[in-house]
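Please look through the model below before reading the notes. They are meant for someone who has not seen it before.

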Amino acid sequence: MAQMYFYYSAMNAGKSTTLLQSSFNYRERGMNPAIFTAAIDDRYGKGVVSSRIGLQEEAELFNVDDDLFQCLSQMHAETKIDCVLIDECQFLTKAQVYQLTEVVDKLHIPVLCYGLRSDFRGELFDGSRYLLAWADKLVELKTICHCGRKANMVIRQDESGKAIADGDQVEIGGNDRYVSVCRKHYKEALEG
Ligand SMILES: Nc1ncnc2c1ncn2[C@@H]1O[C@H](COP(=O)(O)OP(=O)(O)O)[C@@H](O)[C@H]1O
Ligand SMILES: Cc1cn([C@H]2C[C@H](O)[C@@H](COP(=O)(O)O)O2)c(=O)[nH]c1=O
Ligand SMILES: [Zn+2]
């Protein structure tokens with residue numbers, strides 16, 4: 001039976017790498033994965049899933065207004081899709097997470113979503129909120145803080161490296177703007 005998976009972590013934990021490994025795995029068995037990533041995350045150029053380890057693959061883009069059930073139904077009717085892989089799934093809307101559950105329940109295609117659980121303020125992203133609520137399987141991917149503990153929080157830094165407490169939820173960036181840390185060091189960084 002097809003299921004929906006949410007692979008979540010802080011930044012720099014290997015989410016994109018794991019997605020690209022899954023894609024390779026499907027392809028080497030002669031199957032056809034459909035890969036999507038957020039249009040707003042253009043760090044490596046548009047329409048590509050890219051991991052820090054150097055792997056890359058082309059991807060379809062999702063915008064907040066896209067109906068992913070309609071889009072995937074159409075793609076599946078043209079060429080059979082064996083699984084759906086979504087990177088940066090924290091940027092999905094509530095409606096899109098619902099549409100992806102329809103892909104699982106009506107089209108019987110497994111959907112594997114990869115993304116952040118929480119933002120730099122420790123708040124859930126909308127996509128993550130509904131994936132945590134509706135996914136069949138929740139899988140935590142781990143990265144480590146400078147102290148050796150599991151890093152489950154992310155600090156956003158200013159130009160001088162100081163932790164920022166407030167701001168827009170979405171600000172695209174990489175290791176230059178964000179650092180994954182454990183909860184203890186997250187609190188210490190914000191307390192200054
Ligand atoms: N050259 C490298 N060789 C092996 N691992 C690397 C290399 N460069 C980065 N990494 C590791 O890759 C991981 C980040 O992978 P990535 O898929 O980009 O993460 P995420 O999508 O979760 O932000 C980190 O654990 C980092 O240490
Ligand atoms: C914590 C946090 C992150 N983002 C952005 C920054 C990146 O563009 C992505 C996450 O990238 P990953 O390495 O693939 O995990 O999300 C953001 O907009 N707001 C935040 O609070
Ligand atoms: Zn720590």
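1. Basis. This is a predicted model, in which local features need pLDDT of at least 70, side-chain atom pairs count only at pLDDT 80 or more, and totals for chains, interfaces and linings use all residues. Residues are numbered from 1 along each chain as its sequence is written, chains are lettered from A and ligands numbered from 1 in the order in which they are written, and side-chain values use heavy atoms, with hydrogens and water left out.

2. Strand S1. Helices (H or I, at least four residues) and strands (E, at least two) are DSSP runs, numbered from the N terminus. Strand S1 covers residues 4–9, and five of its six residues are buried. Buried means under 20% relative accessible area, exposed over 50%, and partly exposed in between, with a 1.4 Å probe and protein chains only.

3. Neighbours of S1. Two strands pair if DSSP finds at least two bridges between them. S1 runs parallel to strand S7 (residues 111–116), with six bridges, and parallel to S8, with four bridges. Tyr7 takes part on both sides: Tyr114 stands opposite Tyr7 in S7, and Val139 is the bridge partner of Tyr7 in S8.

4. Cys147 is partly exposed at 34% relative accessibility, whereas Cys182 is buried at 2%.

5. Salt bridges. A salt bridge is a side-chain nitrogen of Lys or Arg within 4 Å of a carboxyl oxygen of Asp or Glu. The count by this rule is 11. One of them joins Arg43 and Glu88 at 3.1 Å, N to O. Arg43 belongs to the loop between strand S2 (33–38) and strand S3 (48–50), and Glu88 to the loop between strand S6 (83–87) and helix H3 (94–107), so the pair ties together parts that are 45 residues apart in sequence. Arg43 is partly exposed at 28% relative accessibility; Glu88 is buried at 10%.

6. Further salt bridges. Lys80 and Asp82 meet at 2.5 Å, N to O, with Lys80 exposed at 55% relative accessibility and Asp82 buried at 16%. Lys106 and Glu102 meet at 2.7 Å, N to O. Both of these residues lie in helix H3, four residues apart, about one turn of the helix. Salt bridges that share partners also join Asp41, Arg43 and Glu88 into one network.

7. On a 1 Å grid over the protein atoms alone, a cavity is a set of points where a 1.4 Å probe fits but cannot get out; a pocket is an open set with protein on both sides within 12 Å along at least five of seven lines; lining residues have an atom within 4 Å of a point. Grid points are joined across faces, edges and corners, and a volume is the space filled by probe spheres set on the points.

8. Largest pocket. Its volume is about 490 Å³. It is lined by 36 residues, and Met11, Asp41, Arg43, Arg52 and Glu88 lie nearest its centre. Helix H1 (15–28), S3, S7 and S9 are the elements that give two or more residues to this lining.

9. Cavity. The count is one cavity of 30 Å³ or more, and the largest cavity has a volume of about 60 Å³. Its lining includes Tyr8, Ser9, Glu140 and Asn152. S1 and S9 are the elements that give two or more residues to the lining.

10. Leu55. Leu55 sits in the loop between S3 and strand S4 (56–58) and is partly exposed, with a relative accessible area of 40%. Leu55 and Asp126 are 71 residues apart in sequence and 28 Å apart in space, C-alpha to C-alpha.
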